[in-house]
Amino acid sequence: METRELRYFVAVAEELHFGRAAQRLAMAQPPLSRAIQQLERRLGVVLLHRTARAVSLTEAGSVLLREARAALAAVEAAERRTRRAAAERPGVVLATKAGAARELLSKLLDAYAAEPGAVAVEVVLCGPGEQEGLLRDGRADVALLQRPFDTTAGLDTEELHAEQQVVVLPAGHPLADRPHVSMAEVTSLPDLPLPRWPRRDGGCSDGPGPQVRDHTQLFQLIALGRACAVVPESLRAHLRDDHATVPVVDAPTVTTVIAWPPHSRSKAVADLVRAATRL
């Protein structure tokens with residue numbers, strides 16, 4: 001299969017309308033229809049159910065849509081990494097969530113800068129969950145990820161730091177004087193719902209809590225008594241006097257890892273990873 005064919009199919013599968021897909025691809029509809037038919041003949045499967053009123057995906061079409069998206073993303077990532085490798089001044093792009101592992105990141109950058117042959121490191125600060133996408137699509141060479149919030153499947157990783165989680169409450173809340181709480185107690189607070197973070201598809205997670213985009217917004221809402229949040233204990237450094245924290249005994253441990261694509265052969269990435277694992 002050619003990348004051109006995959007792009008054609010993804011457009012039709014996402015639009016479920018040949019006319020809109022053709023418009024999106026800036027081409028005429030007849031050659032688009034012929035290309036999809038040729039793809040089906042070559043694969044020996046039916047990818048789309050077509051009627052006079054609607055277009056829908058078959059089971060095989062659903063599989064190809066998922067695989068085609070991954071394949072096209074891999075091609076685009078290869079293009080980005082190739083262009084960056086040819087840059088006049090070599091460097092490494094490191095993606096990390098804004099506010100996460102701040103002390104660790106500072107120590108890592110200092111340790112790597114002291115290495116012989118160290119290159120410039122561009123740090124990209126991301127919103128929640130964004131750094132994983134930048135690493136996978138080639139916009140970043142290496143990333144600091146946090147399990148279980150980030151998915152590391154298909155990436156090479158080294159564990160750097162593990163920490164417990166705490167619930168952040170408004171100062172003076174009745175639970176603030178407790179030595180610890182459980183997740184059940186946190187989720188049952190009627191006046192302080194957990195926040196709703198953006199999903200990878202651009203939507204927002206379900207729940208009664210307020211929608212948030214970053215920790216600055218979240219912590220302000222907590223101080224106003226509109227929400228609570230369970231976060232890694234290292235985020236205590238960002239809190240003010242109008243917040244209180246209590247350990248959550250049964251919250252999952254948060255593990256910070258440094259991650260990179262398994263096929264990477266970059267010496268700079270290898271040196272950066274080694275510097276991180278020595279800290």
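Trainee: Is cysteine 228 buried or exposed?
Mentor: Cysteine 228 is buried, with a relative accessible area of 0%. Buried means under 20% (1.4 Å probe, protein chains only), exposed over 50%, and partly exposed in between. This is a predicted model, where local features need pLDDT of at least 70 and side-chain atom pairs 80 or more, while totals for chains, interfaces and linings use all residues. Residues are numbered from 1 along each chain as its sequence is written, and side-chain values use heavy atoms, without hydrogens or water.
Trainee: And what about cysteine 126, buried or exposed?
Mentor: Cysteine 126 is buried too, at 5% relative accessible area.
Trainee: New topic. Which residues have the most contacts inside the largest nonpolar core?
Mentor: Phe9, Val12, Phe18, Leu32, Ile36 and Leu48, in a core of 21 residues. Such a core joins buried Ala, Val, Leu, Ile, Met, Phe, Trp, Tyr and Cys through side-chain atoms within 4.5 Å.
Trainee: Which elements give two or more residues to this core?
Mentor: Helices H1 (3-15), H2 (18-25), H3 (29-43) and H4 (59-85) do. H1 gives the most, with seven residues. Helices are DSSP runs (H or I, at least four residues), numbered from the N terminus.
Trainee: What is leucine 48 in contact with, leaving aside neighbours within four places in sequence?
Mentor: Phe9, Val12, Phe18, Ile36, Glu40, Val55, Ser56, Leu57 and Thr58. Contact means heavy atoms within 4.5 Å.
Trainee: How many residues does the second core have?
Mentor: That separate core has 18, including Tyr112, Leu272, Val273 and Ala275.
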